[in-house]
Each structure stands twice: as structure tokens, then as C-alpha cells.
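This briefing is meant for a reader who is seeing the structure for the first time. Please look over the sequence and the model before going on.

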Amino acid sequence: MKNSISQIKKALIEKKISVGELYDEYLAKAKSGNSNSFNLVIDRENNISSINDSQNRYDNGNPLPLDGIPLGIKDLFCTKGIRTTASSKILSNFIPNYESFVTQQLLNDGSIFIGKNNCDEFAMGSSNETSYFGPVINPWKNKNTQKDNLVPGGSSGGSAAAVAEGSCVASMGTDTGGSIRQPASLCGIVGLKPTFGSCSRWGIVAFASSLDQAGPLTNCVEDAAYVLNSINKHDFNDSTSSNHQREDYLIDINNSFEKKIKIGIPSDYLEDVSDDISNQIDNTKKALSKHGIEFVDVKFKTTEYALSTYYILAPAEASSNLARYDGIRYGFREDGESLDDIYLNSRTKGFGDEVTRRILIGTYVLSAGYYDAYYRQAQKVRRLIKNDFQRILNKVDFILTPTTPNEAFKIGDKLDPISMYKNDIYTVPTSLAGLPGISIPSGLSKNGLPLGVQFIGNYFEEKSLLQLAALAEKELSFNE
Amino acid sequence: MSSNWEMVIGLEVHAQLKTSSKLFSSSPNQFGSEPNENVNFIDSGMPGMLPVMNFGCIEMAIKTGYALNFKINKHSVFERKNYFYPDLPQGYQISQFEFPILSEGYINIESGDNQKKIRIERAHLEQDAGKSIHDIDPKYSFIDLNRVGTPLLEIVSYPDLSSADEVINYMSSLRQLLMYIDVCDGNMQEGSLRADVNLSVRKKGQELGTRCEIKNLNSFKFIKQAIEYEFQRQINIIDGGGEIEQNTMLFDTSTGETRAMRSKEFSHDYRYFPDPDLLPVNLSQEQIDKIKPLVGELPQDKLNKYLDNYSLDKDIAKIIIAEKQNANLFEKMISESTVKPKFIAAWLVGDIFAFIKENNLEVNSLNDKTKDITDLLRLISDDVISNKAGKEILPKVLNGQGKPSELVKELGLEQVSDSGELEKIIDEALVGEDENILKFQGGSDRVLGYFVGKCLKATKGKGNPKLINKILLERLKK
């Protein structure tokens, strides 16, 4: 079991370890690791003053909430003075002159960044194989095929692998259709996607604006609460940032529920699943039933439409969000004879296949004559999906689903985009509804690979969602 | 030849809003800065940057709604208009499309001796693009992003206009209204107000023809020239047996001709969709009502007031209301003095405006001289000085060379209104004029003018003409 943030903070307070020693331990792992989970590891010199400041605060007895905690940051968050690439060739030389809102909160709370985590290019992918910097390798191995390299999931695959291999205590990821929860599940760690509007999108390279949401990938549920306390704040500069009153997510995390809790299990999610997957749900149900939690069957009416809705809306927004990468002002440029050639050359060579595919799909669904049939229709279906969730969350407190339909697969195994897209079948509906979801490790597959379950809560109810996840975690913990 | 042809014109007017910052970013909204000075990370389309709506623009749109008789929509939506161009850093322009903030308005314009109602389909808020500069270097183009994100209100009329003069009247009425409600500075040269003209021709009474759109006209002169040229061009094509192609045209200011920029087949598919970075604008009735008092008096209100309350001549009243700053200056003078408004108005549109024009001044620059001006007008209307003396002193007052009363003394222009002194002068003037006196008594009024002139000359122009007249009559009737 890896050390949690509270254990690390305790050790720092009790001076069993210094901030510098802690940092060096993680830095060494980040540098020696062979998971390719970092696009960039920050030089020690660049962190030295942060380390000293942090140590001083511990020495003076007033450490900040995340003081000295080494974090990984998905290479989608703009970090001031530190190259930010979105794992794309087109931004491979881009150094922002500003810090994203979320990473600024983490810095304000004393954390220290190890580096920028590899991810799918522009967060488009479910296996971290679309990165310009090469695939990330899952630290876990299939016990039957030891030598095969497995995918960590995606798009926050570098974040998940880095936390799983211990090269950072936690990592910031982003989730558009499952990009935090799915890799967390495949790497055996915790991944939280907060409610859309909880954490500011300001300074995060945009994929699909109406779906993108930042969230933590951590070793345990309590760590997720630590990070969420830091990053979940209203931001005036993001018009979709909610200004509701935030809670302290740590305060009740280890308490049992005062009221009786009812959890819905969508039977339609569990048709045709493997034994591995149904076992996860059964284990979780058994473990939580012991605590007096009631389980009921629920049935969605819209599940079958979720993936196609998502793969219209997300590419539509992406096709427009990625228009700014044109080789004119910053980033990669391939010159040409005319302006159109510069656009064509820069974008053709700057974007990988999956990104190009999604830009084309998005451009198509927004085109004159197709807009009503695709984009407008998908918006209507999205509304129905939201209503469907609302209907069920009126009857139950939480929803329990598998996080993924399968365990981690071999790098290069899923060449067909549609079968890749199906990996997000359990996470995409929650994203479309804008609801919070958390994946926690729930057990191992027959091949000895980690699998997770997802709990879904109501809008902005992260506090009770984390409380439930922490309760389940105690019962479900497994040894590597 | 073209007498049985008529033109049908609709106008898209882009009015730049007079906000201190841009529509979706905090960069300053100002003209004439160094290139790329007023540009922040949002304007330059950096990764991860997000737009935040400037509510001041919504307030200005609402004000416009009241002034142009629009329906003010409680629900409006910002959408992205997608196209690639180097002066459009985001790769899309944020605009309103399906749900504009204003719909179905109108204004009345003058057409010949009549009023004509011009219906306005919609007005929506949008960002302006930057500027591409192609004539500095033979090889490279340059980009100035200062204008990126500047707030525009695009006002789209129905095709209700049927002559260049009507278009000019419509544009100038719009300009006047927008300046009155303080949402646009109306500076066409700097591009604060520009028009796209949609024009088609037809034989009188026939169906609408195919239209062409002439883009980006920024002076009344060019609008008129472009319309006249395009009208004739389309007639010539049809008369020659051809058909009008639906084209986007550019007006070449050096040749006075329009030429095709792109045809409909090559028109962009802008792939509009609601901007997911922005929430829809949902206004409450209270928010809309709150703006109404800020609209203030509109030109027509002022015209009525000037005619009814101040008994101004219509022509003079119109000159004063033409620009809000004229009206402001006028009303300031009225509020500060007891001189008759009609008297003030006559001097304002006469000598005062002439002075402003001659010296190339802003009307506003006289706002701190109103007290001196009305003091001077008081002296004139009280006959302390003559009209002529007033004209002499006015430029000095406007130049700030002294107070009117002091100037009068300094220049010795005070009118002689002492009747004793005048009587003496008149008596002297009548000496040796028996013949003329008899003529007057015989009924020749003309002689009176001669005597007045003679007396004035004797006072070196300083005698009060009215008083001279009165005394003369008394003397002559004896």
C-alpha cells in the first residue's frame, strides 16, 4: 500500500522525512520509470525554491493543505514557463506564459510538480496510444502474458500510470468521456470526475468544452478529497464555473452515513458483461450491504444512445476548439506557398490520426444540411439522457456501475476506432449528464489485472460520493 | 433608360460599441493604439483561454433596443461562426445567430417630403476580427490583433430602402440615434460604423431580383457611389440579356467601381453552433426595465420639445438635434441663463457653429464657455451692445480672451442708450435737413432709414438703434 497524503504529511510534520527527500524519492522514480508516463520531468533546480519554502512552512509549524506533496500534472494543463503540449506535435514547442486556474490552486496549497504527464493527443483516446510522445505503458502485467505491454487506459493514461508506479503521489487529469475514471480503473487507482462546473476549465487545453472537467487520480479516496478541496473553487474567468458554496470534502470522509443509503444498479449496463466485470459489481454490493446500504435494480432508457451522442457532440466542439492551432501565432508550423498551404501543411503534419478523424467528424456534423440531423438531434438526446439520470437519482442516492467493460488490453490490440470508443460505454453517459463519478479499485480480473467500479452521485454531491467511495474502499482493498 | 428600374436595398450596419473593454476579454477597446498593444491571451487565442461576457455590451444592446423600437429578447445565445483567417485567432467569431438579443424593430426616416418606416429584422452582438495588412511588405502580411474581440452590434434591416438617398438617411438616422444613446461614437472613418449593402434591381412592380452584397462601406460618399454604380451594373447585365450572380462585392474607392470578391458557390459554411464556453444570456424583465431610463431623450423627443416649448424654427431645431453634443450645448445654455431659447438657437446655429467650423473644433469644447456665451447674448438681447458689436466680441469670448462685459468696455463697444445724449446727437443730425423732414411728414418712410443711418454714424455705430428710432420718430412727428 502506498503512502497517502495524510501519512506523508504526518511524516513531514514529524520530520521523519524532509520535503526535499520526499521530492527526490518521487523524482527518481519519475526519471527511472519505464512507463513513459511523463512528457516532461521538471528539473530539480526549477523546484528548489518551492521545496525550501515548503520545508520552512513545516519547520514553522504552519504547512499548507498540500505542502510538499509531489504531483503529476496531465500535459493538458497550461503551466507557466513549463512546456505544455497536449501530447501533440502541433504544440510540441509551446510554453505558456500563464498558469491554469486548477494548477494555480495546487501551487497555492504548497504542492510541488514533478512533471507533465503523457496523455492521448488533445485528450482524444481511451488507451493513451494517440500521444505524439508514444504510448504509456501500464505498470500492471497480465499474469498469463507477462511480457506484453498493456495500455493504461486514456486519455489521462500517463497520470494513472505515474500514480500507480509511484512517481507522484497524485496526478491531475481531465475527463471528457471517462478520461480520468477509465485509466484509474485499468491502473488500479482512484479517479474522480467532479460535477461539470466544479473545477475551472481556465487554462486547460480544450477538447470538448461542455464535457471537459478536471479531477484527481490518486492512490486512495481520501487523497482525492485532499486534491478536490484545493481545486474545487468558483472561477469568474470560466463562465460555466458554478458559484455554489463548496464544502470541506475531508471532514466527514471516514464517517458512516447518518441516513439510510439506497444505491441503484442499472441492469441494462450489465447485459452481456464478462464474469470479471459482473464480479466487481457483486463484490461491491456484498461489501456495502454489510453496512446496511440497500441496492435496487434501475433501468435507463437512453443508454444505447449515449456513445453515438457523445461521438457527435465531443468532436463537434473539438473541431471548433482546435481551429486555433493553425501554425500562425504559436506551435508547430509547416510553411507553404500560400496561406491555405500553411494551414493545410501545419495541421496535416501537426495533428495525429485520431485528432484528425475527430476534427473531420465534428466538421461534418456541424455542416449545413447535416446540423439538424446530427448536432441538434444529439443535443436533444443529451437532454433526454440528463433527464433519465435525474429520474433515477430521484429514486436512489447513488448509482453503481462497472467503470470499464474490460481489463487493460495489449498495446496495439484495438485498432478499430469503434471498438476503442466502446471502452467508454459506462463513463460517457455520466459525462453527458454532467454528473460526478468516481472509480475505485474493486478487485482483480482472472488475469490478475485491476478493475474498478464507478459510483455516480447527484450534481455537486461530491462530499457524500467520496464518503461512499471511502466506505467501499475499506472493504474492497486488494494487494498488488 | 433606367427610369422603369428600381433598386431594392437592405442594410447590415456594424456599430462598434463604446465600451471600455472588449466583448469577451478585459483588453481595452480603443482605436489608434500601437499594433497588438490591446491584446491579451484570450484575444490572441491561446490554448485554454475562455471568454467572459462583458455585461456592459448587453446593456448597450438593450438601450439600442429601446431606441430602435425593437423587441428585446430575454433569451439570446452566443454561437461560434467558424472560419480560418490569420486575423481571427480563435478560428471562430463569437456571434449571435439563431437567437439574437433584438428582433423586429424599425425607425422612421425622411424620404422626400414624407416619412418612411424602415423595418429592422434583427440586431445581434458579435466580436470584431483583427486587421490583416498586406501593403507593408512585398512578401509578408502583417496582423494587428487590436480590434480582435471589439464588441459590435450588427443591425440588419429588411429590404425596405429604395434609393441611395434613403440609404444615407437611414444610416445617418441610425448614427444619430446610436450616438444619442451613447452606445457608438459614430466615427465612420475609424470604422466605428460600417455598412454592408445588399442590392438587387427589378422592373417596377415585379418580383425581387438576385441580390449582391457590397461589403464594408465606411463613408456616406462611398455608400452613395457604390449603390449608384452597382445599380447601373446590374441593369446593364440584365439589359444585355445576362443574369445576376449572387456575389459578394468589394467597392474600390479609387475607381468608384464594385467588383466580385466571391460567388455564392464559394461562400463559407460557417458551421454555427452554440458556444459551449458561454451560457445563454437570460435576462429578467427587471434587468431590461432598469435600462430604460438610461436611454434618455431621443432626437425626435428633442425636436418636439424645441418646437413646442421653445418655439424654434423647424430648420434651426433640426440643425441643433442633428448631434447630441449640439443639443447638449444648447440645453446647457438654456438652463444657465434667462436669454430666450430662440435667441440662443439663432446665435448657436449662426455665428457659434461658424466659429467651430472655421477653427475645426469639437462642439463639446465649448461646454465650459456656455456661461460667457450666454452673458454675451444677454448683453445683446438687452441692447447693451449692438448685434454687430456682439459678432465682433463673440470670437474673443470663444477663444477665452476675456469676459464679455470686460471686452465690451475694453473695446468701447458699449451701446449708447442714454436718451439725453442721443437726443443731442439726433438734434444735431437734423440740422439743415428741413427738406427731408418735410418729405417724411409728407409720407416718405424711406427718409427714416436715412436719418437712423446718419445718427448711427454720428455715434460711431454705438448708438442703440431702437432708441434712436424712437427718439427720431418723436422729433420728426413734431
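The model is predicted. It has a contact between chain A and chain B, made by 33 residues of chain A and 24 residues of chain B. Chain A is divided into domain 1, domain 2 and domain 3, and the assignment for chain B also gives domain 1, domain 2 and domain 3.

**Contact between the chains**

- On the side of chain A that touches chain B, α9 (303–321) and α10 (339–350) of chain A each supply at least two residues.
- α9(A) gives the most to this side, with three residues.
- Sorted by class, the side of chain A that touches chain B holds 17 nonpolar, 10 polar and six charged residues.

**Domains of chain A**

- Domain 1 of chain A covers 5–257 + 402–476, domain 2 covers 262–302 + 379–399, and domain 3 covers 303–363.
- The centres of domain 1 and domain 3 of chain A, taken over C-alpha atoms, are separated by 25 Å.
- In the contact of these two domains, 28 residues of domain 1 of chain A meet 24 residues of domain 3 of chain A.
- Helices α13 (417–421) and α14 (428–433) of chain A each supply at least two residues of the domain 1 side of this contact, and α14(A) gives the most, with three residues.
- The domain 1 side that touches domain 3 of chain A is made up of 16 nonpolar, nine polar and three charged residues.

**Domains of chain B**

- Domain 1 of chain B runs over 2–287, domain 2 over 297–411 and domain 3 over 419–477.
- A distance of 37 Å lies between the C-alpha centres of domain 1 and domain 2 of chain B.
- Five residues from domain 1 of chain B and five residues from domain 2 of chain B take part in their contact.
- Helix α2 (residues 164–180) of chain B has the largest share of the domain 1 side of that contact, four residues.
- By class, the domain 1 side that touches domain 2 of chain B has four nonpolar residues, one polar and no charged.

**A helix pair in chain B**

- Helix α5 (residues 299–308) and helix α6 (residues 314–321) of chain B have axes that come within 10 Å and cross at roughly 145°.
- The crossing of α5(B) and α6(B) is right-handed.
- From α5(B), the residues B:P299, B:K302, B:L303, B:Y306 and B:L307 take part, and they meet B:K314, B:A317, B:K318, B:I320 and B:I321 in α6(B).
- This contact of α5(B) with α6(B) has seven nonpolar residues, no polar and three charged.

**Nonpolar cores**

- The largest nonpolar core has 199 residues, and the members that touch the most others are A:L71, A:A469, B:A61, B:V167 and B:V197.
- α2(B) gives the most to this core, with nine residues.
- Not counting residues up to four places away in sequence, A:L71 touches A:L106, A:S111, A:F113, A:I114, A:C168, A:V169, A:A170, A:S171 and A:M172.
- A second, separate core of 31 residues includes B:A317, B:L329, B:I373 and B:L376.

**A buried helix in chain A**

- Helix α4 (residues 101–108) of chain A is largely enclosed by the rest of the structure, because six of its eight residues are buried.
- These buried residues of α4(A) are A:F101, A:V102, A:T103, A:Q104, A:Q105 and A:L106.
- They pack against β2 (70–74), β4 (170–175), β6 (213–218) and α7 (221–231) of chain A.
- After α4(A) comes A:G110, with a positive phi near 95°.

**Two buried residues in chain B**

- B:K22 is in the loop between β1 (5–16) and α1 (55–67) of chain B.
- B:K22 counts as buried because 27 other C-beta atoms lie within 10 Å, where 20 or more are needed.
- Beyond its neighbours within four places in sequence, B:K22 is in contact with residues including B:D43, B:N54, B:G149 and B:T150.
- B:Q127 belongs to strand β7 (residues 114–127) of chain B, and B:Q127 is buried, with 24 other C-beta atoms within 10 Å.
- B:Q127 and B:L152 are 25 residues apart in sequence, and their C-alpha atoms are 5.9 Å apart.
- Leaving aside neighbours within four places in sequence, the contacts of B:Q127 are B:L23, B:F24, B:Q93, B:I94, B:G149 and B:T150.

Notes: Residues numbered from 1 in each chain as written. Chains lettered and ligands numbered in written order. Predicted model: local features only at pLDDT ≥ 70, side-chain atom pairs only at ≥ 80, totals over all residues. Contact = placed C-beta atoms within 7 Å. Nonpolar A, V, L, I, M, F, W, Y, C, P; charged D, E, K, R; others polar. Domains from an automatic or database assignment. Axes fitted to C-alpha atoms, helices over the stretch in contact; angles between N-to-C directions. Left-handed = near helix turned anticlockwise from the far one by under 90°. Core = buried A, V, L, I, M, F, W, Y, C linked by C-beta atoms within 7 Å. Buried ≥ 20, exposed ≤ 12 C-beta atoms within 10 Å, placed from the backbone.
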